[in-house]
Every structure is written in structure tokens, then in C-alpha cells.
Amino acid sequence: MLGLQPDKLMLFGEHMAKLRLSALPQKNALPKGKIILVSAINPTRTGEGKTTVSIGLAQGFARIGQQVALALREPSLGPVFGIKGGGTGGGSCQLEPSTRINMHFTGDLHAVGAAHNLLAALLDNAVHFRSGLDLEHRQVFWRRVLDMNDRSLRQAVIGLGGRLNGVPRETGFDITAASEVMAILCLAEDFADLKARLGRILVGFDRSGNPVTAQSLQATGAMAALLHDAMLPNLVQTTEGVPAFVHGGPFGNIAHGCNSVIATKAAAACADWVVTEAGFGFDLGAEKFFDLKCRSSGVWPSAVVLVVTARALRVHGGGDPSRPSSIEEIERGLAHLEHHVQSVRAFGFEPVIAINRFIGDTENELSIIEQYCVKLGLSTALFTGFTDGGSGAETLAHAVITATNRPQPPVRYLYDLNASPEDKIAAVASTIYGASEVEFSRTAKKDLERICALGFDRLPVCIAKTHLSLSSDPAKIGHPEAFPLPVESVRIAAGAGYLLVMTGDIVTMPGLPRDPAAHRIDLSNDGNIVGV
């Protein structure tokens, strides 16, 4: 189906493989396939089925005779055991083998965590032995990572117990999906690029205020060695046998929310159509897809699909997604949808609206959504892939093909790299979030002063923000207006190649909910994992 010979694959059991280095396209090779970007409106806490729609759309393409492949992110164990559960789609639109992909897959996230924590260990080792770098332990900001939601590790003190145990200092843990190493894995185009990016990672400052990097700690080679297999894209398939390149897993709310450049380009080299996703909502993952991933790699989509659900519109209209709603709640929520449509248009695209039907949705609710989209001049398609598989996405596939036949918009970004960091943040805040202003804390202002002094002010911005609202406040559902975006701090992710902007109360280590999904996951006596 993809033209890949057996010698191009590294097998992981019967149903999973990695592409060998020799199978990867050249860095500057032109893609064969058209890339379709799938994103969504701001979701509820349990998600709106963006991955399910992506998988279903690919299956719909296959059913109408098109050569198609998926390029998706890997699941993180945090959400798997937390509130959202598995990250491989649902119903008749899943990645297979679903349980293995959700649990440990081919070990990529573990490799990222190991490489990240190796750098942390080498850094603290240099502090302990008072190396020639003359590190200032109070100006070390490289934290450790863990691929699990664990709020107790957000802030920690290490090095206690005497001189043999290191130098005491405050630090903490982030989730692996928020690691800069994960971002580097997803943006690097080959091993040389990987090593160059790893070497640029900024971990702290010495006593003279000079930056200390992974390269100066002599960590680059060992970190790259740990990531050797993790850099190779994973190949699996969907419920209906569509090939899927599943690789990399940065979160959209605290990282850039896209799968790897290597996997996307590999899929585009093999298939006529590539369905990829960016999330959570368009305000997070999709904006970063354009301004970070596309700008870095040179890829550009041919169409944008925006996933909409009645239950999310109920929430954004002030309702409760778990209870029957009034039509007025849906109608109020449509202003939220229209804002995302305008955000898509900011990049030159007219989105195709995929109305993802959930059990319990009424014909009246779905009709109101469709009529509103038609009034906006948009193509719509009812998606029933969860129950019907690819047959429930054929209409969507035809609508996407029609969209790609229109004149393609020129490549455009929200801001120029020569603009100041403040102006870049303001451009995203005003255009994509609808913020009236940006408020910088004292810490953020000091961060920006240092960023400019060190020459990192030409980097693009990656804004970490709640995925539940257009604003930085998850309680502000719907279409908030005239709100400020509070910027608490700005971190330098020199290896990934962007400035990480922390807004509101966003945290880089999530916590488990009161009733986590882990309570329902088990291993049966016959060796099957259940409840994922």
C-alpha cells in the first residue's frame, strides 16, 4: 500500500514497526501527498473526538479509493490513566494494536524521558563536583520529567542528606510530553539536526551570567544515542487497515501539539493524502502547527478540518454536557465556533466543518450547527465514524477533496520573526484568542530582558495556555471578549527553537482527577489489558 519493502522496516512484534533510516525521505525532498490538518474548537475535559475524526477521515479516503496515510501523535500515559483515557481514537476508528500503543508502544516516550533526565543528572553532577563551568545552582532551571500525571512532583527539593548526595536546590518535574527533548524529537529532520538542537538546550547560567548548554555539559552525544530508535517513525494501522505513522507526543496546551516532522514527511512521501492533527483546539495546536512546525519544516497543508460537537457547543453556551440541553445553549455556543473559523481564515483557509455526532445528539441540534456553518459559507459533513467507521466519513472525505481543489492560499504566518517577542505574543493573543491586551508579570519582563540580551528574541513563540477556553482562564467558556492574557514567565527553549510563554495558572505537570481512568484499567487472568 505504501511501497515500503520489508527490509525498510524494523519490526516490533506482529503489528508494529519502525521505519529504518534508509526508508526516510531526504530532508529537502518534495512531498508526494497533500496534507490535511484536523483541529477542533476548544474541547470539554473528555475531548471531542479529534483523533477519532482524523482516523475516520483517513478510512473514509480509503473507502472512496484514495491512497492515504495518517500522521498522528503518540499517547502519553498521563491522560491514559487520568481523565481522558486512551489516545488511539474510539469505536470503529482506532489505531491498532490500541492497548499496546496506549501503554508503552515502541518505547519512544521512555527514551525521551531518559535523555531528558540524563541531562539533568549530568547537570547536577557538574554542580556537585564544581566543574570548570562554574555553575550557579540557584540559576539552574532544567527540571526532570515523568510520563505520568503527578501533582506532588511539581515542586521538589533535591540533594538533601549531606555532601555525598549533591547540592540542595529547588526543582521539580514536568510531564514528558512537555519536555523540550520531546519538542526537539518532533521538530528535528535528521540525526545531525537532532544533535545540533540537543546541544543548544539551555539549562542554566554560570556565576558570571553566561548560558550553560547541553553541549557545554558534554551531554549531546549520549542523549542522541538514547534517542536513536525514538527518532525513527512508528508504523501501525487503523481498524480498517489504513497505515498510520504515529510518532512523537508533545501536548498542545503546554508544548506545540503536533506529531513529528519526520513522520509527517514520511507519510507524505508514501501516500497521496496525509491526515494529521494538531490539538487540543485550533487556538493551541493548530496555531503552533502553522507558526512553529510549518515554519521550521517547510510543510504546508492543503485543507483544514475543524471538528465540532454539540456537547462542546453546549458547554460554550453555558450548559452542562452531561445533561440534555436547550437549543438556546447550542445557539449561544456558536459564537465560539465562529471565532475559531476566523482563526482558520487568518491562515488563508476556509475550514471544512466535521460535525462529530455523539450518542444522544438530536437532529435539531445537528441541523442548527449545520445551518449556522452554511450561513458562514462553510462546507460541512456529519461524521458518524465512531459507530460506522470509514463509511461514516465518506461525505467528509469528499468535502475535503473539494476544498483542496480550490485555489490554494499563499503561505502566511501570524507574525514576522523579526518582531519583538512582545509583539509576537500579542499577535497570537489578539488574533487567535481574542484578547484585548497582554499583561506581563515582573518575572516575565525580566525573562524578556534576558532573552533580548542573549539574542533569542528572533525565535517564534509557543504559548502554554489552558485548552478549555480561548482565554487563560478555563472557567471563561464560550466567546469571552475584552480580556487580558496574563503572561507569568517566558522560558528559552533554544534547542526546540522557540520561546515557551507561560500564561495564567498553566502547569507543566498535570494532576490526576478525583476518579482517574486508572481505577478502571486491569490485567485479566488470560493476559489481556482491559479498561483502556
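How many of the five residues of strand β16 (residues 273–277) are buried? Five of the five are, so β16 is largely enclosed by the rest of the structure; buried here means under 20% relative accessible area, with exposed being over 50% and partly exposed in between, for a 1.4 Å probe and protein chains only. The model is a predicted one, in which local features need pLDDT of at least 70 and side-chain atom pairs count only at pLDDT 80 or more, while totals for chains, interfaces and linings use all residues. Residues are numbered from 1 along each chain as its sequence is written, and side-chain values use heavy atoms, with hydrogens and water left out.

Helices (H or I, at least four residues) and strands (E, at least two) are DSSP runs numbered from the N terminus, and two strands pair if DSSP finds at least two bridges between them. Both faces of β16 are covered, with Trp273, Val275 and Glu277 buried on one side and Val274 and Thr276 buried on the other. Strand β15 (residues 243–246) is likewise covered on both faces, by the burial of Pro243 and Phe245 on one side and of Ala244 and Val246 on the other. The pairings of these strands are set out below.

| Strands | Sense | Bridges | A bridge pair |
|---|---|---|---|
| β3 (residues 34–40) and β16 | parallel | five bridges | leucine 37 and threonine 276 |
| β4 (residues 68–72) and β16 | parallel | four bridges | alanine 69 and valine 274 |
| β4 and β15 | parallel | three bridges | leucine 70 and alanine 244 |

β14 and β15 form a hairpin with four residues between them, and glycine 241 in the turn has a positive phi of about 85°.

**Helix α9**

Helix α9 (residues 282–297) has 16 residues, yet its end C-alpha atoms are only 19 Å apart, short of the 22 Å that a straight helix would reach; the expected span is taken as 1.5 Å times one less than the number of residues. A kink of about 40° is centred on phenylalanine 289, the bend at a residue being the angle between axes fitted to the seven residues ending there and the seven starting there. Because 14 of its 16 residues are buried, α9 is largely enclosed by the rest of the structure. Glycine 298, which follows α9, has a positive phi near 90°.

An open sheet of four strands, with mixed pairing, runs in the order β20-β22-β23-β21. Its edge strands, β20 (437–440) and β21 (461–464), each pair on one side only, and the twist averages 40° from one strand to the next. Helix α15 (residues 421–433) packs on this sheet, touching β20, β21, β22 and β23 (498–503), and its direction makes about 55° with that of β21. Contact means heavy atoms within 4.5 Å, and such angles run from 0 to 180 degrees between N-to-C directions, the axes being lines fitted to C-alpha atoms, for helices over the stretch in contact. β20 and β22 (residues 484–493) run parallel and are joined by four bridges, one of which links glutamate 437 to proline 484.

Isoleucine 506 lies in the loop between β23 and β24 (522–523), and counts as buried because its relative accessibility is 18%. When residues up to four places away in sequence are not counted, isoleucine 506 touches Asn253, Ile254, Ala464, Lys465 and Thr466. Alanine 354 is 152 residues from isoleucine 506 in sequence and 29 Å from it in space, C-alpha to C-alpha.
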